[in-house]
Amino acid sequence: MQPVRRGYVDVDWGQIHYRACGERGPVALFFHESPLSGLAYERALPHMGHKLRAFAFDTPGYGGSDPPPHDRFEIPDYSAMLLQAADALGLTSFAVAGVHTGASLALEVALQAGPGRATHAILTGVPLMTEDDRRRYLESWAPRMRPTSQGEHLGWAWERYQRIWGAETDPAVLHVGAVHVLSVLDRYQWAYNAAFRYDPEDGLRRLTCPTLLLDAEFDIFADQDEPAAALLPDASISIIPGLPGQLPIRVPEEYAERVIAFVTG
């Protein structure tokens, strides 16, 4: 398998960190769910590198990427910086892929790049919600959290991922989530809240490239795949059974195979 390499590129107000794998084939850009990083794709990238030039970016403020200047950055703002990163790498055309927040970022990057430059979209867990749902998520999903003298925030991080990813999840996978949220504890909710404020409905209607809704059977947004497909002019749905989400982490080889088949098919 191809090795994963890492690097940084400059954007308007800092640097974007990325992981990449592959030297030939179509280009694909990958965007992670909040509040993780491109590490979510670390195990999938080598499986993609023999067919694709795959780049997994850290959202600004997460992983190794510099944070935005304030907490009211919106999905179009984050996406503009990620598109600048693609420009800095000389990537003239590409597929886009993303999970949850990353799905909204992938959608917006494709729209900002324009028809012809974004060749395909692979969206996992599109957060297509009602206004009431958005308000509820904004109020409850990502409360402010600070370190405490007794370390309660450490237990909170572990319990959070047991709750949202499932108590039966491999502890090594839960560790990925807990470490990531703790590493950006003072701003972990920034991209979450931007995603909850962003309504993808209009963007889905305007997305012209072929789109694959690639999802886990029990993803929290899996029930939105069919409504999302109905909005898209060229869409198909592919479901991986028996999983609650986090496809690039839980089943990296199968995730990579389905992405490659769609992008190269």
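Is His-100 buried or exposed in this predicted model? His-100 counts as buried, at 12% relative accessibility. Buried here means under 20% relative accessible area, exposed means over 50%, and partly exposed lies in between (1.4 Å probe, protein chains only). His-100 sits in the loop between β5 (94–99) and α3. The residue is not a glycine, yet its phi is positive, at about 55 degrees.

The model is predicted: local features need pLDDT of at least 70, side-chain atom pairs count only at pLDDT 80 or more, and totals for chains, interfaces and linings use all residues. Residues are numbered from 1 along each chain as its sequence is written, and side-chain values use heavy atoms, with hydrogens and water left out.

The chain contains 11 helices and 8 strands. Its radius of gyration is 17 Å, close to the 18 Å that the globule rule gives for 265 residues, so the chain is as compact as a globular protein of that length. The radius is taken over C-alpha atoms, and the rule is 2.2 Å times the number of residues to the power 0.38. Helices (H or I, at least four residues) and strands (E, at least two) are DSSP runs, numbered from the N terminus. Along the principal axes, the C-alpha atoms fill a box of roughly 50 × 35 × 35 Å. Of the 265 residues, 58% count as buried. Among contacts with a separation of 6 or more, 75% come from residues 24 or more positions apart. Contact means heavy atoms within 4.5 Å.

Helix α7 (residues 189–197) was examined next. In this helix, 8 of the 9 residues are buried, so α7 is largely enclosed by the rest of the structure. The buried residues are Gln-189, Trp-190, Ala-191, Tyr-192, Asn-193, Ala-194, Ala-195 and Phe-196. They pack against α2 (75–88), α3 (101–113), α4 and α5 (152–165). Ala-195 of α7 has a relative accessible area of 4% and is buried. Leaving aside residues up to four places away in sequence, Ala-195 touches Ile-75, Thr-101 and Arg-134. Ala-195 and His-17 are 178 residues apart in sequence, and their C-alpha atoms are 20 Å apart in space.

Two helix pairs were described in detail. Packed helices are described by the angle between their axes and the distance between the axes. Axes are lines fitted to C-alpha atoms, for helices over the stretch in contact, and angles run from 0 to 180 degrees between N-to-C directions. The axes of α4 (residues 131–140) and α7 come within 9 Å and cross at roughly 165 degrees. The two helices are therefore roughly antiparallel to each other. Angles under 35 degrees count as roughly parallel, over 145 as roughly antiparallel, 65 to 115 as roughly perpendicular, and the rest as oblique. The crossing of α4 past α7 is left-handed. A left-handed crossing has the near helix turned anticlockwise from the far one by less than a right angle; clockwise gives a right-handed one. From α4, Arg-134, Tyr-137 and Leu-138 meet Asn-193, Ala-195, Phe-196 and Arg-197 of α7. The contact residues divide into 4 nonpolar, 1 polar and 2 charged. Ala, Val, Leu, Ile, Met, Phe, Trp, Tyr, Cys and Pro count as nonpolar, Asp, Glu, Lys and Arg as charged, and the others, Gly among them, as polar.

In the second pair, α2 and α3 pack at an angle of about 65 degrees, with their axes 9 Å apart. Helices α2 and α3 are therefore roughly perpendicular to each other. Helix α2 passes α3 in a right-handed crossing. On the α2 side, the contact is made by Ile-75, Pro-76, Tyr-78, Ser-79, Ala-80, Leu-82 and Leu-83. On the α3 side, it is made by Thr-101, Ser-104, Leu-105, Glu-108, Val-109, Gln-112 and Ala-113. These residues divide into 9 nonpolar, 4 polar and 1 charged.

Backbone geometry was also inspected. Most residues other than glycine have a negative phi, and most peptide bonds are trans. Gln-246 is not a glycine but has a positive phi of about 55 degrees. Gln-246 lies in the loop between β8 (235–240) and α10 (247–250). Its relative accessible area is 5%, and Gln-246 is buried. A cis peptide bond joins Ser-34 and Pro-35, with omega about -10 degrees. Pro-35 is placed in the loop between β3 (27–31) and α1 (45–48).
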